[in-house]
Every structure is written in C-alpha cells, then in structure tokens.
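Please look over the chain below before reading on. The text then walks through its layout and stops at two places in it.

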Amino acid sequence: MKTKCVLCDRTFTPAPLQEKKLRKHPHRMFLCPECHQRISQQTLDRKSEMDRRKTSCQSSSGPQSG
Ligand SMILES: [Zn+2]
C-alpha cells in the first residue's frame, strides 16, 4: 500500500503502524518520513526558542538555603 505525501507530492510506503491509521482514515493527510522529520525538527526548534524566552524572563534566584 502506498500513499502520497501532502507536502512533496511523492508516493511512499508508510510504516506498518501508519498504514493501520491510513486504513481507518483514508482521507487524512500524511507526510513522508523526510517531510515528517523536517516538520518535527522545526517544532523542536520553536519549542527550544520558547523555553529560552521563558528562562530569560525568570529572575535568577540564589541557592536554596538549607
Ligand atoms: Zn514529503
């Protein structure tokens, strides 16, 4: 079974687990492994950027007094 990637229009063979989902939801959009990796990498980059902003906002606190 083959499916088409929505980003690069390339046909590819989905992983067994992905194929199961495909059969259930044939009209869902799927990405080829390459595009999937690229997207997830972008998501990770954005996440880390947000974390950086969060930590920069926090005021640095001294060591805990025990
Ligand atoms: Zn693709």
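Where does Leu 31 lie? Leu 31 sits in the loop that links α1 (16-24) and α2 (33-57). Keep in mind that this model is predicted.

Now step back to the whole chain. It holds two helices and two strands. Read from the N terminus, the order is β-β-α-α. The chain has 66 residues, and 2% of them are buried.

Leaving aside residues up to four places away, Leu 31 touches Cys 5, Val 6, Leu 7, His 36 and Ile 39. Take Leu 7 from that list. Leu 7 and Leu 31 are 24 residues apart in sequence, yet their C-alpha atoms are 6.7 Å apart in space.

The second stop is Asp 9. This residue belongs to the loop between β1 (3-4) and β2 (11-12). Its backbone deserves a look. Asp 9 is not a glycine, but its phi is positive, at about 60°. Asp 9 is also exposed, because 8 other C-beta atoms lie within 10 Å, and the limit for exposed is 12 or fewer.

Terms used: Residues numbered from 1 in each chain as written. Predicted model: local features only at pLDDT ≥ 70, side-chain atom pairs only at ≥ 80, totals over all residues. Helix = DSSP H or I, 4+ residues; strand = E, 2+ residues; numbered from the N terminus. Buried ≥ 20, exposed ≤ 12 C-beta atoms within 10 Å, placed from the backbone. Contact = placed C-beta atoms within 7 Å.
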